[in-house]
Amino acid sequence: MTNLGHASEKASAENRSPSFIAEESSVSRRHDELQNGALSKPPSPERNLRIEAVAAAELQQHHSTPHARVAKRPIPRPLPREERKTRDPQEKHRRVGAGTDPNCVCVCARTSHETPHGYVSCAVEVAAADTSYFESRPIPPSVPGSQIPSPPSERDNTVFNGRILLAPTIRASYVCMDVVGSGAFSTVVAARDTTNSHHVVAVKIIGFPTDDFTSMSSFRSFIVRELGILSHLHHPCIIKLVDYNVNPLITLPEINEAYESGEAVKASREDLVTFAESQQYFFLEFCAGGNLFNWLSNNYTPMGHTKTFWRLAARVVSELMVAVAHMHRQRIIHRDIKLENILLNDNFDCISLYEDPRLSSRPASTVTDFGLSKRLVSDDQLLTTKCGSQDYVSPELLMGLKYDGKLLDAWAIGVLVYSIIENRLPFDLPPPELMQSSMISPSVLKRRRTKHSPAHRIAMIDWDWYRATSMHREEVLDNESKKIIHNLQKLVEVFLVRKEKRMTVQAVLEHEDFAWIKACVPSHFYS
């Protein structure tokens with residue numbers, strides 16, 4: 001979303017500055033206004049909760065920075081110019097939030113790793129009430145620690161290359177080739193059928209954490225639940241489970257029971273020790289085109305304004321919509337929809353792709369990574385588990401409210417589609433050049449520059465269009481592309497709103513304003 005994170009480092013509190021005192025007073029005044037009824041118009045209970053969550057986030061963020069206890073030690077002298085030049089330029093991107101709370105899992109903060117396209121973020125576990133870990137930084141979305149967050153190393157290739165893996169149910173054997181990616185607890189390799197060199201699968205090799213009994217038990221439950229959902233989901237645009245080879249302690253009846261009830265059977269300590277000593281294998285459909293995030297990095301610039309790019313974008317978004325609708329009809333929610341979890345089935349190149357991908361009978365994309373997915377007991381069941389990737393979490397989850405899993409997925413789709421249009425995340429602070437070229441009033445721009453926390457902007461649902469506005473004014477962009485961009489914008493605008501106004505994916509598919517979605521895919525994709 002599989003997405004259990006690692007504990008992050010927390011900055012120590014040392015000194016206090018006048019600017020912090022002024023900002024803390026402002027936060028305190030907001031609390032006083034709420035408690036004393038000083039607001040000119042009584043706000044709604046949800047807005048009160050949103051303001052208090054934002055105020056608490058800002059207050060905790062300031063207390064966790066080196067600005068506390070002013071009299072304890074003198075203010076440190078500035079670094080000499082030479083030392084400033086030699087300091088690690090990415091240090092500020094590595095500062096993340098609070099430590100681990102055993103009662104709270106899977107709200108993901110980020111630590112950054114430099115790549116040719118920016119910073120790829122890894123998930124870490126944080127407390128539910130702590131939103132101080134959100135920081136403004138470059139575009140890339142979060143990548144959970146166990147789902148391909150880093151490129152494969154030469155050592156990974158050496159360890160797995162040539163290994164023979166058996167798929168017991170289909171009675172096939174595969175020889176490992178290149179490592180596709182690796183994470184904290186899993187490695188994904190491309191493997192070729194030993195009897196058919198043209199048949200390639202992706203094998204997810206899962207190692208087991210042995211830190212403590214609770215972690216081992218939870219991890220085993222995640223594996224059982226993911227297997228149950230993958231074995232019951234069948235759709236052209238959803239990853240196919242070819243086979244699996246797991247410890248005999250996980251049986252098919254247990255997998256089916258976990259799917260029906262939503263809960264896996266608790267294993268004994270002795271069974272978990274035996275289970276942890278072996279590796280687990282998922283044999284999955286292989287998607288040759290990589291993930292959508294990498295494709296956007298390679299194709300948005302300089303070819304991002306071509307007709308082919310927007311046609312493929314419309315097709316991929318439409319496939320995502322019908323796939324998620326299919327999941328929701330079976331009461332399955334994904335809870336980790338993001339660019340990295342959408343795989344492309346071919347190496348689409350905007351320069352050499354001449355055919356309209358919307359007319360193809362084959363799926364162009366595949367939804368993957370069901371490690372955080374869940375089957376609901378009823379259609380109206382509300383959830384409390386804090387999970388997902390931080391850039392894609394909805395305001396209600398961020399503020400600790402009970403949430404509708406279907407609306408959570410809808411919000412995440414809105415974030416994803418916005419990222420395709422704008423080539424940036426909706427709640428990151430936009431670059432100065434985009435803010436200056438936009439048609440937004442100077443007062444609004446000034447306010448956004450002073451609110452540096454994406455958590456604040458998510459809680460307030462504070463986002464706007466920048467590149468999309470400019471593209472509609474470009475004469476070189478054809479009318480068909482502008483129409484697609486307009487359609488995608490309308491989709492974002494019904495998803496990135498308060499939960500009371502947010503449409504479900506199924507409702508969007510049935511609305512006449514979004515008839516273009518079904519028109520972009522074959523009829524059997526949504527029937």
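Reply: Gladly! Helices (H or I, at least four residues) and strands (E, at least two) are DSSP runs, numbered from the N terminus. This is a predicted model, where local features need pLDDT of at least 70 and side-chain atom pairs count only at pLDDT 80 or more, while totals for chains, interfaces and linings use all residues. Residues are numbered from 1 along each chain as its sequence is written, and side-chain values use heavy atoms, leaving out hydrogens and water.

Me: What makes α11 largely enclosed?

Reply: Buried means under 20% relative accessible area (1.4 Å probe, protein chains only). In α11, 18 of the 18 residues are buried, so the rest of the structure largely encloses this helix.

Me: Why is cysteine 387 called buried?

Reply: Its relative accessible area is 2%, under the 20% limit, so cysteine 387 is buried. Cysteine 520, at 6%, is buried too.

Me: How many disulfides does the structure hold?

Reply: The structure holds 0 disulfides, a disulfide being a pair of cysteine sulfur atoms within 2.5 Å.

Me: Why are strands β5 and β6 said to pair?

Reply: Two strands pair if DSSP finds at least two bridges between them. β5 and β6 (residues 172-182) have 4 bridges, in the antiparallel sense, so they pair. Leucine 165 has tyrosine 174 in β6 as its bridge partner.

Terms used. Buried < 20%, exposed > 50% of the residue type's maximum accessible area, 1.4 Å probe, protein only.
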